[in-house]
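Please work through each task before reading its solution.

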Amino acid sequence: MAPAQAEAASASGAVVRRTEFGIPHVRANTYRDLGVGAGYAFAEDNLCLLAGEIVTNDGERSRWFGPGNGNLESDLYHRWIIQTRVVEQALAAPSGPSRDAREMVRGYATGYNRYLARTGADGLPESVCRGAAWVRPITELDIWRRTLQLAEMQGAETSTRVIAAAQPPGTPAVASHTVPDGLAGWRGGGIGSNAIGLGREATAAGTGMLLANPHFPWDGHRRFHQVHLTLPGELNVTGATLPGLPVVAIGHTDRLAWSHTVSTAVTFTIRRLALAPGDPTSYVVDGQTHAMRRDPVTVTVRQGDGTLAEVSQPVWSTPDGPIVAIPGELPWDTAQAFQFRSANAGNLRMIDEWLAMAKARDVHELRSVQARRLGLPWVNTTAADVTGTAFYGDLQAVPHVTDELVARCGLGERGGIPVLDGSRSACAWGTDADAVVPGLLGPGRLPTLIRRDYTSNMNDSPWLANPAAPLVGYPAIVGDAGTARSARTLLGLDLIADRLDGTDGLGKPKFTLPTLQTMQLNDRNYTAEQGRAELVAFCRANPTLTASDGRAVDVRAACDTLAAWNGRGDLDARGAALWRRFVESGPFPWAVPFDAADPAHTPRGFDAARPGVGTTFANVVAASGAAGVPVDVALRDAQKYSGIGVHGCSHGEGCFNVITAMRPPAAQVQHGSSFIMAVELTRSGPRARTLLTYGQSAYESSPHRTDQIRLYNEKRWVTDRFTEKEIAADPSLTITRLR
């Protein structure tokens, strides 16, 4: 027996073994001890990230950080969640967590606390929370509240401002009433993903393969953490998860690999309530009057002079959810009010679902697991298994709002969110017999696809998960069909097609692990491929263009820069930053419009003669000069993380390897390719390569803060260590035993 295996086998409790780049491999003999190891390992790397979210879920951000930046609104909502015992009721419900899930959560809190007790708050390595009075030991209830927070990340968590602002007419709200990005951004932003599942007909060796490429924030509480969890005879899974989750959310076992992408499904709706005459806190349904629930909430707020004061305001609700208000758009007046209802209210099922997914033997069992629980929030799934079968499914918590219900009861939309008539009980959400909880679409109504070639998703609707077998027939609340795909989706489908027929210059047709890796990081830019040459021809024919303000702008240097650029988001590319600003400055002038008969190749081309093209380019060149940014700035100087240049390009440009950064001179990367995993599932075991682009730790002092950024920039990958032999062979192996 290898030494590391002997250590793990003889330990009572958990053993945390770290391999290169600080990746923890946790092994234990019980679910509770496995949670202890996972919580301890996470706390070593990123305790401050979770500690900050514990403050959020306590409703105490205003107490410690002041009421600004949405803190007061967040606190009012989270204190209301605590007061109304939402999490406790979900834990006690028939669909509540299993014993194994509870044990893992209990252990995770214990492991976190063990690390905190070892260091003390004053000894924490990160200055942002070192010695902070708001850092405290946590309980399993804290982890369940964090679980609900993540479940509502595209729902109630994006709506705290409009929940806090909802007060009866004539009653001022103490909190802001605005949605920062407007109703169009209500469902949240800053996250996306690519995923490709490959079956035996698409791989050179006839194996199953998967590419996982989530695009999440590089800082904050949605930053991924890589971990390997082993419970002998029960569980052996490796991949990535989010702060506070004791399970692997995106990863692989010896037989199965999966990833998630943010779904187009709308996970909440708005209901327009008809108010009772003379009483704006009562509403009428089917002629019967019902009183709204009023829950007084008090929040402690730090004043500008450092003193503390209490601010009180009620949260109003109905049995289906809180009242929301946006003046001018969702007004609460004497005639109407609007109520919010989320499919993920009380959803704690996802921990059990990810545990069950990690035990599934193939994609068929994976589909069954997801259908039974419908615990995934706001994401769909792409997977592949050792039999060489690929899967796509949008089996998640979605409101039971059929097209028929919308036709009968719909009152339009607000920011893409359906508004339903709340004056009739017949307009309430329906339910399906095969749904785990009432009010959800059952799995029989949700789209799935199993293929021997491939499945994919790049954040568009399920329709073209594979263009050879379009998915149709699902309710519109899940997504559309027969409409144009994003430029990123078009590039993703193009990348797959070029590899399958061998026209991408990477050798013989079909995928191997190296070609899958190369495809991910090739930094192709779809809009540049469609329009760079045409724009160069246009600006060479028109070296002076007129900006919107009437100024004549010399565009020759910018034109020469684009002419010399290879059209990719490479680290030293000159012209990539200029192209991004051009594309982001207005609608792309496609030459050929979308054609439903050729959806994977349209729209395409570039219409340089379209009115406004020259003006837009002149504006971009002029703005670059005004900002002091050279038109030929290298991409490494236009987007950085911790002072290190980063390659990749944006979603809007149609890039597969997405990197989103602030515009120069700030240049800081905000989100994009985060945990990248390419895995091949062979009969002799999995072969995988990974990149956690920003590294394991958010701590500035950690050696694993930026070590993988350098790998990423060199387009090198970490070789996944899955077996005991592979772990023991690592010369940098360290072992921590938690008895």
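A disulfide is a pair of cysteine sulfur atoms within 2.5 Å. The model is predicted: local features need pLDDT of at least 70, side-chain atom pairs count only at pLDDT 80 or more, and totals for chains, interfaces and linings use all residues. Residues are numbered from 1 along each chain as its sequence is written, and side-chain values use heavy atoms, with hydrogens and water left out.

**Exercise 1.** Determine how many disulfides a search of the whole structure finds, and state the pairing of the bonded cysteines in sequence order.

Solution. The search of the whole structure returns 4 disulfides. When the bonded cysteines of the protein chain are numbered in sequence order, the pairing reads 1-2, 3-4, 5-6, 7-8.

**Exercise 2.** Characterise the link between Cys 649 and Cys 655 by its sulfur distance and handedness.

Solution. Step one: the S to S distance between Cys 649 and Cys 655 is 1.9 Å, and a disulfide joins them. Step two: the torsion about their S-S bond is about -105°, so the disulfide is left-handed. Step three: Cys 649 and Cys 655 are both buried (buried means under 20% relative accessible area, exposed over 50%, partly exposed in between, with a 1.4 Å probe and protein chains only).

**Exercise 3.** Locate the two ends of the disulfide that joins Cys 48 to Cys 129.

Solution. Step one: the sulfur atoms of Cys 48 and Cys 129 lie 1.9 Å apart. Step two: this pair links distant parts of the chain, with Cys 48 in helix α2 (residues 31–58) and Cys 129 in the loop between α6 (99–119) and α7 (140–151), 81 residues apart. Helices (H or I, at least four residues) and strands (E, at least two) are DSSP runs, numbered from the N terminus. Step three: the link of Cys 48 and Cys 129 is left-handed, with -65° about the S-S bond.

**Exercise 4.** Is Arg 17 buried or exposed, and which side chain does its own side chain contact?

Solution. Step one: Arg 17 is placed in strand β1 (residues 14–19). Step two: Arg 17 counts as buried because its relative accessibility is 1%. Step three: the side chain of Arg 17 makes a polar contact with the side chain of Glu 724 at 2.6 Å. A polar contact is a pair of N or O atoms within 3.5 Å; within protein, one must be able to donate a hydrogen and the other to accept it, and residues adjacent in sequence count only if both atoms are side-chain atoms.
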